[in-house]
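Please look over the sequence and the structure shown below before reading on. The briefing that follows takes its topics one at a time.

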Amino acid sequence: MERIEVTTVVYLPPEEVYEFLLDFPRYARYSKYLKDVGQDGDGGPGTRYDLHFAWWKLTYTARSEVTGVEPPNVIDWKIIKDIDATGQWHVESVPEQAPDEDTPASEVTFLVTYDPESAHAGNIDIPRFVSLAWVIEKVKPKVKKEAQRIVERIVADLEGQRRSVDLEITTAVD
């Protein structure tokens, strides 16, 4: 299993950040490769999303499902089609990281754990003469960069203005 974790601080209380993160279809506005998100449910456990991605000559629809929520701190999810992957949004109050005593601060962490070996060429429409291994190697650095882009854009939208965002990005193979 491989893991990507992106953490940053947002200058809002956890409740506001959590409600923002529950509105998953809006994520397509922040991503270069996520073109559209379809939703079936209210955002709580059991809600399913179709995530329509496009990159290079590839298009792919991932299907995810919310598996648990703990307002205002945790949203758990899993991919339910084609690849073994789970994830979580975690939001925690961190007043000590606020720029001043009148500003709330929340640490927001996006975590994805996935098995790259669980993706099979038959599940993804790959152009002729292109190997799945090649696609996976090309996509890995894009996933990390895309995670950074999404978090930066979400922070700007949440706070109402752009600012320099410190991101802690870690990857690991378990």
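The side chains of R48 and E65 meet in a salt bridge, with N and O 3.0 Å apart, where a salt bridge is a side-chain nitrogen of Lys or Arg within 4 Å of a carboxyl oxygen of Asp or Glu. R48 lies in strand β3 (residues 48-55) and E65 in strand β4 (residues 58-70), so the pair ties together parts that are 17 residues apart in sequence. Helices (H or I, at least four residues) and strands (E, at least two) are DSSP runs, numbered from the N terminus.

This is a predicted model, in which local features need pLDDT of at least 70 and side-chain atom pairs count only at pLDDT 80 or more, while totals for chains, interfaces and linings use all residues. Residues are numbered from 1 along each chain as its sequence is written, and side-chain values use heavy atoms, with hydrogens and water left out.

- Side chains of opposite charge can pair when their charged atoms come close.
- A search of the whole structure finds 7 salt bridges, and one of them joins the side chains of D23 and R26 at 2.9 Å, N to O.
- K81 also forms a salt bridge, with D82 as its partner, and here the closest N and O atoms are 3.1 Å apart.
- For accessibility, buried means under 20% relative accessible area, exposed means over 50%, and partly exposed lies in between (1.4 Å probe, protein chains only).
- In the pair that links β3 and β4, R48 is partly exposed with a relative accessible area of 43%, whereas E65 is buried with a relative accessible area of 16%.
- D23 counts as partly exposed at 30% relative accessibility, and K81 counts as partly exposed at 24%.

**The sheet**

- Strands of a sheet pair through backbone hydrogen bonds, either parallel or antiparallel.
- The structure has an open sheet of 8 strands in the order β2-β3-β4-β5-β6-β7-β1-β8, with antiparallel pairing, and two strands count as paired if DSSP finds at least two bridges between them.
- The edge strands of this sheet are β2 and β8 (168-173), each of which pairs on one side only.
- Neighbouring strands of the sheet are turned by 20° against each other on average, direction ignored; such axes are lines fitted to C-alpha atoms, for helices over the stretch in contact, and angles run from 0 to 180 degrees between N-to-C directions.
- Strand β2 (residues 34-40) is joined to β3 by 6 bridges, and the two run antiparallel, with V37 standing opposite L51 in β3.
- On to β4, the pairing of β3 is again antiparallel and runs over 8 bridges; L51 stands opposite A62 in β4, and Y49 has S64 in β4 as its bridge partner.
- The strands β3 and β4 form a hairpin with 2 residues between them, and W56 in the turn has a positive phi of about 55°.

**The helices and the core**

- Helix α1 (residues 14-22) lies across β1 (2-10), β3, β4, β5 (74-79), β6 and β7 (106-115), and runs at about 155° to β6.
- The largest nonpolar core has 35 residues, and those with the most contacts inside it are V10, V17, L21, W89, I154 and L158; a nonpolar core is a set of buried Ala, Val, Leu, Ile, Met, Phe, Trp, Tyr and Cys residues joined through side-chain atoms within 4.5 Å.
- Helix α2 (residues 132-159) gives the most to this core, with 6 residues.
- Not counting residues up to four places away in sequence, I154 touches F20, Y30 and W89, where contact means heavy atoms within 4.5 Å.

**E92 and its surroundings**

- E92 lies in strand β6 (residues 84-93) and counts as partly exposed at 34% relative accessibility.
- Leaving aside neighbours within four places in sequence, E92 is in contact with P14, N73, A105, S106 and E107.
- E92 and T109 are 17 residues apart in sequence, and their C-alpha atoms are 8.7 Å apart in space.

**Backbone points in the loops**

- Most residues other than glycine have a negative phi, and most peptide bonds are trans.
- The peptide bond from P71 to P72 is cis, with omega near 0°, and P72 lies in the loop between β4 and β5.
- D82 is found in the loop between β5 and β6 and has a positive phi, near 75°, in a residue other than glycine.
- D82 is also partly exposed, with a relative accessible area of 24%.
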